[in-house]
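Here are my notes on this one, written while clicking through it. Have it open as you read.

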Amino acid sequence: MRVTVIDYKAGNLTSVLKALRHLSAEAIVTDGDLALVETAERIVLPGVGHFAATERLDATGLTAAIRAAIARGVPFLGICVGMQWLYAGSSEAPEQPGLGHFAESCTRFPEGQEKVPHVGWNSLEVRSNSRLLAGVEPGEHVYFTHSFKAPVSADTAAITHYIEPFAAAVERGNVMGTQFHPEKSGATGLKILGNFLRWKGTE
Amino acid sequence: MITKRIIACLDVSGGRVVKGVQFVDIIDAGDPATQAARHAREGADEIVLLDITATHEGRSTLLDTVRRTARELFVPFCVGGGIGSADDAAQVFEAGADKVSVNSAALKDPALIDAIGRSFGAQAVVVAIDARRDPQAADPVRDAQVFVQGGRKLTGRRAVEWAREAEARGAGEILLTSMDSDGMRTGFDCELTAAVSEAVNIPVIASGGAGTVEHFVDVFGRGKADAALAASIFHFGVSSARSLKEELAKAGVSVRLPC
């Protein structure tokens with residue numbers, strides 16, 4: 001299994017690469033070599049840091065290349081800011097558009113009730129038809145660290161509650177995303193990444 | 001529901017796990033990579049590796065330890081000790097850490113917090129504060145004094161105001177160690193932990209003093225801690241993260257039980 005991992009210089013890719021390689025994937029990294037996106041079998045867009053950093057995807061032509069790959073049916077997984085980028089945008093950087101694959105926009109958790117950011121292990125309410133989260137049982141937890149989140153919508157694959165319900169995972173066709181970090185979520189996270197890597201993209 | 005985190009702390013020196021009781025009486029407790037993997041398997045939510053005798057010469061040993069420890073670890077992994085610059089932090093991230101913990105270097109040059117946060121995100125910056133109550137102060141708890149060099153050197157900073165500054169500069173979490181309680185196994189300093197936790201909007205990890213399950217129940221309740229660090233309690237088979245968490249769940253604390 002070959003996976004193209006997109007580097008947009010927003011943080012550290014080591015953990016994601018390590019987890020993918022642990023699952024026997026051949027992970028290759030690109031920060032602008034469009035050929036690696038054009039020939040990609042699978043794409044992972046990790047993300048830690050600020051939504052504004054996704055501007056680099058536009059500047060390097062990666063946005064257009066990823067959009068074309070998604071249209072070809074290439075399985076795509078966005079993690080954390082990488083998931084948020086799949087939406088129309090985020091109030092973290094209102095001037096920076098997202099991919100717009102999902103029509104909604106990301107917003108900050110409301111202040112005043114709990115600490116923001118949401119950091120730690122939280123549970124998932126998985127929608128039964130999710131392929132990405134197949135085999136995730138009630139009571140399993142995953143690791144989050146974020147202040148912005150996507151709203152619950154028809155494409156939400158799992159809901160997590162913190163201050164209010166939000167989209168912990170999203171899934172439509174070949175496009176998937178997790179707000180949490182599967183690469184940091186122990187056995188549960190590896191199971192989820194394994195689901196992505198094994199998914200044939202035709203179901 | 002968000003769970004309270006139990007963080008296993010490995011104090012390392014020269015590539016081996018050691019644990020000091022009040023920072024003296026060092027005892028060897030094994031290989032860091034093996035210990036970290038065991039704690040993660042037993043349900044620790046996170047691993048912290050602290051290089052307690054950080055020296056310039058020991059840097060490559062530490063990086064090698066981080067690399068070996070990170071290799072098969074799929075829970076958050078924080079590394080601290082001797083991180084004096086954004087370049088030091090970059091090397092530790094490159095070796096596989098998800099977060100770095102900064103302490104004395106940040107007190108000397110607080111802009112270090114901003115610099116690491118800018119490059120790696122706030123979630124990657126943990127500011128460690130070693131504090132001791134100040135009986136002389138008007139408020140001995142809020143005005144707890146911040147120390148460096150394992151409690152030997154006063155900094156003139158006060159715990160609550162320093163935690164606030166760290167947050168304002170972009171710290172993602174505070175790791176608060178009570179120097180009064182550390183190694184004593186008589187319980188966390190819940191008043192100090194609550195004072196800091198209520199003063200900031202970022203998670204506070206309580207450290208120092210864990211000896212029994214009740215101590216953890218207390219610091220998550222009265223102490224308003226988001227996470228708690230345990231070191232010596234886990235060594236030598238005294239307790240495991242799994243048994244600790246099972247007891248915590250029985251006491252009504254929301255925790256992640258290992259599958």
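In which sense do E5(A) and strand E6 of chain A pair, and over how many bridges? Point 1 takes that up; keep in mind throughout that this is a predicted model.

1. E5(A) and E6(A), the latter covering residues 105-108, run in the parallel sense, with two bridges between them. If you want a spot to look at, A:Ser90 sits opposite A:Cys106 of E6(A).

2. That pair belongs to an open sheet of three strands in chain A, ordered E5-E6-E10, and the pairing is mixed. Strand E5 (89-90) and strand E10 (148-149) of chain A are the edges, each pairing on one side only.

3. On to where the chains meet: 29 residues of chain A are in contact with 24 residues of chain B. On the chain A side, at least two residues each come from helix H1 (14-22), strand E7 (118-123), strand E9 (141-146), strand E11 (156-162) and helix H6 (186-198). E7(A) gives the largest share, six residues. By class, this side of chain A has 14 polar, 10 nonpolar and five charged residues.

4. Chain B has nine helices and 12 strands. Its radius of gyration is 17 Å, close to the 18 Å from the globule rule for 259 residues, so chain B is as compact as a globular protein of that length. The C-alpha trace spans about 45 × 45 × 40 Å along its principal axes. Of the 259 residues in chain B, 53% are buried. Take the contacts in chain B between residues at least 6 apart in sequence: 64% of them join residues at least 24 apart.

5. Helix H6 of chain B (residues 159-168) is worth a look. B:Ala159, B:Val160, B:Trp162, B:Ala163 and B:Ala166 are buried there. Viewed down the axis of H6(B), the buried residues fall within an arc of 165°, so they line one face of the helix. They pack against several elements of chain B, including helix H5 (111-120), strand E7 (125-132), strand E10 (173-178) and helix H7 (190-199). Just after H6(B), B:Gly170 takes a positive phi of about 110°.

6. Last, the largest nonpolar core, with 143 residues. B:Ile174 is one of the members that touch the most others, a group that also holds B:Ile47, B:Val100, B:Val127, B:Ile205 and B:Ala228. Leaving aside residues up to four places away in sequence, B:Ile174 touches residues including B:Val127, B:Ile129, B:Val196, B:Val200 and B:Ile205. Also among its contacts are B:Ala163 and B:Ala166, both of them buried residues of H6(B).

How values were computed
Residues numbered from 1 in each chain as written. Chains lettered and ligands numbered in written order. Predicted model: local features only at pLDDT ≥ 70, side-chain atom pairs only at ≥ 80, totals over all residues. Core = buried A, V, L, I, M, F, W, Y, C linked by C-beta atoms within 7 Å. Buried ≥ 20, exposed ≤ 12 C-beta atoms within 10 Å, placed from the backbone. Contact = placed C-beta atoms within 7 Å. Helix = DSSP H or I, 4+ residues; strand = E, 2+ residues; numbered from the N terminus. Nonpolar A, V, L, I, M, F, W, Y, C, P; charged D, E, K, R; others polar. Arc of directions from axis to C-beta. Pairing = 2+ DSSP bridges. Rg over C-alpha atoms; globule rule 2.2 N^0.38 Å.
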